[in-house]
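Please read the points below with the model open beside them.

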Amino acid sequence: MRLPSLPRIPGLRRVPRPTRSDANAGLVLGVESVPDGLASGLLAGVNPISGLYGYLFGMLGAAAFTSTSLMAVQATGAMALVVADTDLSSGGDPDRALFTLAMLTGVVMVVAGLLRGGTLLRFVPTAVMTGFVTAVGINIVLGQLANFTGYDAEGANRVLRALDLVLHPWRIDPAAFAVGCVTVGGIVLLNRTRLKSMGMVVAIVVGSALVVPLEATGWEVPLVSGLAEIPSSLPTPVLPELGELLHLLVPALSLAFVGLVQGAAVSTGVPNPDGSRSDPSRDFIGQGVGNIVAGVFRGMPVGGSMSATALVQSAGARTRWSLVFSAAVMAAVILLLGDVVGRVAMPALAALLIVVGLGSIKPTRVVDVYRSGPLQTAVMGVTLVLTLVVPLQYSVLIGVGLAIVLFVAEQSNRLTLRALVPDGRRVREVDPPGVVPGREVLVLQPTGQLFFASAPGFEAMLPIVTSASEGAVVVLRLRGIDHVGLSVIDVLRRYADALTAERATLKVVIGSETVDHQLTAAGLLERLGPEHVYRGSEWLGDATRRAHADGLAQIAAAADD
């Protein structure tokens, strides 16, 4: 059965019809998102209601703009930890600073999408993301131990506070710990039943219900209502605090990076039901709009959530209307069941987050990175440790820097140098000699990227020029090279001078207009002389054969003299 079709607006793509499957999937995600949103606010160290508003309005605001039709834009664990590590209380109004942070993060995401930033995510290595995601999972678990056990441990960071808890187990509150354990057990058991999609909600209800007999026997368990008053109406819009923009810029950049990377995972991992292709850059814009709407309506920063998207997909959603229905369900719960939400036990929410955190740790991914080599393993380990001990907004930026360093290192290590030896109509490829042989033509072919980081390695690969190299002709074939860095040009200039000092010659074969322009602008081609520069044509190997033949003729002419 299908619900009534919406009217078609001229000039716009036809709006898909909402289906009964979308309504059912929206009900599942909407009910599950209420405790999940409160838990995200708790994880971020802000008013849990801000997490609830972030889920509701972020998902609703992004639904109309993402290219991945089932992408649920909600507060993720990693983004919540970045917010937790941001000093929002340094200003006069921490709540206003949180809303401003969400709006600023949205602006960064929208700009990234308009600049086609989705194409840049392929430069983030798996080692960096594996270390980051693993550390985020550990941080989620460690960050909830206080609410789970009822003991607010001491320490400068989450690791030290967890160590303090281990050293003082007698300070654990039995009532809070019992509620947390019952909730964890319920989630694990119900996940194996037909209630799988609603298991987290049911487990939190059961865990929170345990508070009633505990209170009757004199035990106290903290509730959501103890942290924040649950409103009976939806929030009014709020404007950003312009004076906080500069202070919030770094965390906004970190939040945007984390949200966009996680959103890109959704884009590539969840295909559209209608078969259309997803556009990561357009998904950037959708997530940005979701953040702006969430911030305006007093919510925390949000991003593409793989778990929520997978839930709505498995519940049978067919179009983005499922996300609209989900937001409507959340709004109904806030308006009609505020008192019930306030009775949710804090240890139960902590249990939910601990299960989510443990589930985000993928040991197989860690093993895969370990097997890929020591460099990748070292990068993963450094990223993991930094994420555990450094405020998350800075560890994210450090991870981006590590990604750039790793990319440059990998590209520079791919450079090889081979010698080409003509053999009739064929050409043999052999290792280059250690020394340039005198009165012979030596054809060298570099393969890979010739940029600044590869210059020292390239220079070390070139055969040495000695007094035994007198009268030689070296042909450097740059066919297949589309860019030459200034550091590499300096290497070629020194190599040409060394050959000239031994009355030898350097010839170059160029196959790219960009390389031709770069060598001309640097003055290298003028120094070599036009008779020693060969430009490639549509005939593969023609310029190299001409250079080789001219080299043989030059050596023969020198011998006659």
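Predicted model: local features only at pLDDT ≥ 70, side-chain atom pairs only at ≥ 80, totals over all residues.

1. Residues are numbered from 1 along each chain as its sequence is written, and side-chain values use heavy atoms, with hydrogens and water left out.

2. Helix α4 (residues 94-114) and helix α12 (residues 280-296) have axes that come within 7 Å and cross at roughly 160°, and the two helices are therefore roughly antiparallel to each other (angles over 145 degrees count as such). Helices here are DSSP runs of H or I with at least four residues, numbered from the N terminus, and axes are lines fitted to C-alpha atoms over the stretch in contact, with angles from 0 to 180 degrees between N-to-C directions.

3. The contact between α4 and α12 (heavy atoms within 4.5 Å) includes Phe99, Met103 and Val110 of α4 and Phe284, Ile285 and Ile292 of α12. Its residues divide into 13 nonpolar, eight polar and no charged, where Ala, Val, Leu, Ile, Met, Phe, Trp, Tyr, Cys and Pro count as nonpolar, Asp, Glu, Lys and Arg as charged, and the others, Gly among them, as polar.

4. The axes of helix α3 (residues 77-84) and helix α5 (residues 126-143) come within 10 Å and cross at roughly 70°, which makes α3 roughly perpendicular to α5 (65 to 115 degrees). Gly77, Ala78 and Leu81 of α3 meet Phe132, Val136, Asn139 and Ile140 of α5 in this contact, which has five nonpolar, two polar and no charged residues.

5. Three aromatic pairs are found in a search of the whole structure, a pair being rings of Phe, Tyr and Trp (its six-membered ring) with centres within 6.5 Å, called edge-to-face if the planes are over 60 degrees apart. The rings of Tyr53 and Phe57 are edge-to-face, because their centres lie 6.3 Å apart and their planes stand at 65°. Both residues lie in helix α2 (residues 48-63), four residues apart, about one turn of the helix, and both are buried (under 20% relative accessible area, with a 1.4 Å probe and protein chains only). Ring pairs link Tyr53, Phe57 and Phe297 into a cluster.

6. Phe148 and Phe177 also form an edge-to-face pair, with centres 5.6 Å apart and planes at 90°. This pair links distant parts of the chain, with Phe148 in helix α6 (residues 145-149) and Phe177 in helix α8 (residues 174-190), 29 residues apart.

How values were computed:
Parallel < 35°, antiparallel > 145°, perpendicular 65-115°, else oblique. Phe/Tyr/Trp six-rings, centres within 6.5 Å; stacked < 30°, edge-to-face > 60°. Buried < 20%, exposed > 50% of the residue type's maximum accessible area, 1.4 Å probe, protein only.
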